[in-house]
Amino acid sequence: MKTLITNIEIIDAAGRRPGKILIEDGKIKKVYKEKGLVRVEFDEEIDGGGYALLPGFIDMHCHLRDPGFEYKETMETGMKAALKGGFTSLVAMANTKPIIDNPGDLKKNRMKASELDLCQLIQVSALTRNFGEDDMVDFDSLRPFTNVFSNDGVSILREDIMIKGLEASTVYDFILLTHCQPETSLVKRDIELLEKVGGHLHVCHISKKDTLEAIGLAKDKGLDITCEVTPHHLFASAMEYKVNPPFRTYPDRRALIEGIKDGVIDMFGTDHAPHSEEDKKKGAPGIDNFEIAFSMYYTVFEQNGIKLEKLSEMLSEGPAKRLGLKAGLIKERYPADLVLVDLNWEGKINPKEFISKSKNNPFGGETLKGKILMTIVKGNVKYDDYRSTI
Amino acid sequence: MLKGRHLIEPGDFQIEEIESIMELADNIITNPKGYSLVCKGKLLASLFYEPSTRTRFSFEAAMLRLGGEIIGFDDPNNSSVSKGESLGDTIRTIECYSDIAVIRHPREGTARLVSKFAKEMPIINAGDGGHEHPTQTLTDLLTIRKYKGGCDNHVVGVCGDLLFGRTIHSLVKTLNRYHGITFIFISPKELKMPENILSQLNPECYQETTNLDEVIGDLDILYMSRVQRERFVSEEEYLRLKDYYILDKKKMRKAKTDMIVMHPLPRVNEIATEVDDDPRAVYFKQAKCGMYVRMALIAKLLGVEEDND
């Protein structure tokens, strides 16, 4: 099956250019410059209508709630919501029920994802058994199935556990993701340990100016550390809505935007965290945001005059690089994970219209820019709000 | 992880764990609504074997503001204790009903002892004799964090009864685990900081003096304490020493403009009431911090704020 996508502006971390692309066997077979005729056989043509085509987004951080909390979200509803938001790959956290801390449960989730055939799942494993403080997980048996380990949601307060985790990240060559609360002091401690024992560290959803400064210094020293930021911490400050980490001050938010410009922040992670209305009332922290994450990022970028190439880098190439995936660019032989976007769309968002099973999102009524028209995973159209409405 | 743990003395928690409680307290302060139901359906047993209205109210208000409920007593004469029931039996029974317990007891070491009988129920020590009062320490730390931006790099003056003041001992031991803390201990010779505390400190990080006036200009934090009548052997000695170190407007003029004055309360006359309106006086704000930090502590020990996203 060969698909030709025409009449598009290609935008990725490498630049913006008009073009056409040919997809074959789930991969980008050929990227054509727009000028000049394309003499090629194809089975299907998608006329991009002059809209922007970006590499599929890779979400470095989300909660799919499956298994165990299917009343909040299932893998299917989560992935469908993600596709609506332009995400083609998802790094899903391990705080399910049971907690994913063994190869059996991890393989089950991978199997479920491949049967659903929606997004690509990168399933995180817990770092310690049951997120506890007694035993590390069995890296030998888990590492063949994932290269991402994290106790996300539970901060690693004990130094000895952090040291073991960092050491294992070198020995088994994986990325250790940390959720740090208290943020700055724990990140600083982890950086000290990283300098001492080495390892591959990725700091989840940073939210404070001081944290950013500490990570900037660590990068200057040449340590292997990356970090991500969520759409909501970029978009708003001092909001009374419970999320972890909490909404910070306006200066913190400004610092995060500067951190993107000067390259200290490597990528985005939505921290999509669906909760039922009842759980939210009881104080569960988190925001359901797959479906508007791109528009939030893009709106902030527009307001601050940051280029679209940078946006694509943070949504696709950045996480791909960190995860060791050959993906995240519109380039020959790369997977045909693609998103067609209307960059001129502007409108109010309504969480009630979410596909996601939960609707916990405080930004209803906000005006955002940019809309996902179509999402393609490995050459197959998985979300289509474009041709279906023509 | 703090879920299911006991807090008998501040040393039971690592600094990172203490800081995680502080951060949660910060979050509760900025977004109290978000936490008003996190303990719904949970029960706190409040076991006060000696009266302490202030501490008890603080704990009970904390639990209620988290959406939880309370059972307990503040007069052991009205409970089975008066029938001669052992503490161990009381705790075992109470564990059948409640999710967490707060205990205050006049005898030193009681809280630790009691915690050994509780299988899964976290125990919080709300003061055991002259021994420890860890939630007062957490209160002090939160106050310092809130009004001085953090607990590192301060010159801390501690003034008053340093010999018997258990809140002071706990605070000094805990602050000593932070970075860049210098202590100045200000007391009459008779009420000096005891050797067992001093021996835990780096000699370069503290100095002792009998004169508050001379050192007040160097301080970032001044922690005042009451000269407690009940700690003295004789009434004469109490009367002789109690007014030794009184903080007034005149002394405050010599202090830094951003120094804060703390006091665990109740005060007698060691801080003149004329100081109360000084913006540097944060002792009445400390009480509010105390409730918030207890909310954070309860939430952490019950694990309702551990499983986040």
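Here is a short walk through this structure, from the build of one chain to a few local details.

What you see is a predicted model, in which local features need pLDDT of at least 70, side-chain atom pairs count only at pLDDT 80 or more, and totals for chains, interfaces and linings use all residues. Residues are numbered from 1 along each chain as its sequence is written, chains are lettered from A and ligands numbered from 1 in the order in which they are written, and side-chain values use heavy atoms, with hydrogens and water left out.

Let us start with chain B. Chain B holds 11 helices and nine strands; here helices (H or I, at least four residues) and strands (E, at least two) are DSSP runs, numbered from the N terminus. Its C-alpha trace spans about 55 × 50 × 35 Å along the principal axes. The radius of gyration of chain B is 19 Å, which agrees with the value near 19 Å for a compact globule of 309 residues. That radius is taken over C-alpha atoms, and the globule rule is 2.2 Å times the number of residues to the power 0.38.

How much of chain B counts as buried? The share is 57% of the 309 residues, where buried means under 20% relative accessible area, exposed means over 50%, and partly exposed lies in between (1.4 Å probe, protein chains only). Of the contacts in chain B between residues at least 6 apart in sequence, 73% join residues at least 24 apart; a contact means heavy atoms within 4.5 Å.

Next come the salt bridges, each a side-chain nitrogen of Lys or Arg within 4 Å of a carboxyl oxygen of Asp or Glu. Over all chains, a search of the whole structure finds 43 of them. One of these joins A:Asp105 to A:Lys108, with the closest N and O atoms 3.6 Å apart. Both residues sit in helix α2 (residues 103-116) of chain A, three residues apart, or about one turn of the helix. A:Asp105 is buried, with a relative accessible area of 16%, whereas A:Lys108 counts as exposed at 57%.

Another salt bridge pairs A:Glu133 with A:Arg158, at 3.7 Å between the closest N and O atoms. A:Glu133 belongs to the loop between β8 (120-123) and α3 (139-142) of chain A, and A:Arg158 to the loop between β9 (148-150) and α4 (159-171) of chain A, so the pair ties together parts 25 residues apart in sequence.

In chain B, the side chains of B:Glu9 and B:Arg112 meet in a salt bridge (3.4 Å, N to O). B:Glu9 lies in the segment before α1 (15-30) of chain B and B:Arg112 in helix α4 (residues 110-115) of chain B, so this pair ties together parts that are 103 residues apart in sequence. B:Glu9 is partly exposed, with a relative accessible area of 23%, and B:Arg112 counts as partly exposed at 30%.
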